[in-house]
Amino acid sequence: MKGEMKNGMLVERQKNINTVKCNSCKYAKKYDYGKKIFYCNNDRRKDDMGKLGIGELPEESPEWCSLREG
Ligand code: SF4
């Protein structure tokens with residue numbers, strides 16, 4: 001019983017990870033310093049720099065994305 005509950009929560013979290021994408025997120029910002037650099041502008045992010053990628057956004061949100069929870 002307890003194991004099923006745990007598994008259910010795990011499935012929910014996985015679902016959230018799959019739906020959170022930087023390329024459709026309002027917090028993704030692009031800066032052009034000669035080459036395009038993408039940063040996450042979310043105040044709740046857990047990463048100090050918030051760097052997402054150079055040239056293009058990642059397919060999926062990074063581990064530290066605050067939208068991955070709940
Ligand atoms: S890391 Fe998360 S909050 Fe930041 S831009 Fe990507 S999806 Fe949005």
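Which residues form one aromatic cluster? Y31, Y33 and Y39 do, and the views below start with them. This is a predicted model, where local features need pLDDT of at least 70, side-chain atom pairs count only at pLDDT 80 or more, and totals for chains, interfaces and linings use all residues. Residues are numbered from 1 along each chain as its sequence is written, and side-chain values use heavy atoms, leaving out hydrogens and water.

**View 1. Rings of Y31, Y33 and Y39.** Rings of Phe, Tyr and Trp (its six-membered ring) pair if their centres lie within 6.5 Å; planes under 30 degrees apart are stacked, over 60 edge-to-face, and the rest tilted. That rule gives 2 aromatic pairs. Y31 and Y33 are stacked, at 6.1 Å centre to centre with 5° between the planes. Y31 and Y39 have ring centres 5.7 Å apart and planes at 75°, so this pair is edge-to-face.

**View 2. The largest nonpolar core.** Buried means under 20% relative accessible area, exposed over 50%, and partly exposed in between (1.4 Å probe, protein chains only). In soluble globular proteins, nonpolar side chains tend to be buried together.

**View 3. Around the ligand.** Look for the 14 residues around the ligand, of which V20, C22, C25, C40 and C65 come nearest; here, a residue is near if one of its heavy atoms lies within 4 Å.

How values were computed
Core = buried A, V, L, I, M, F, W, Y, C linked by side-chain atoms within 4.5 Å.
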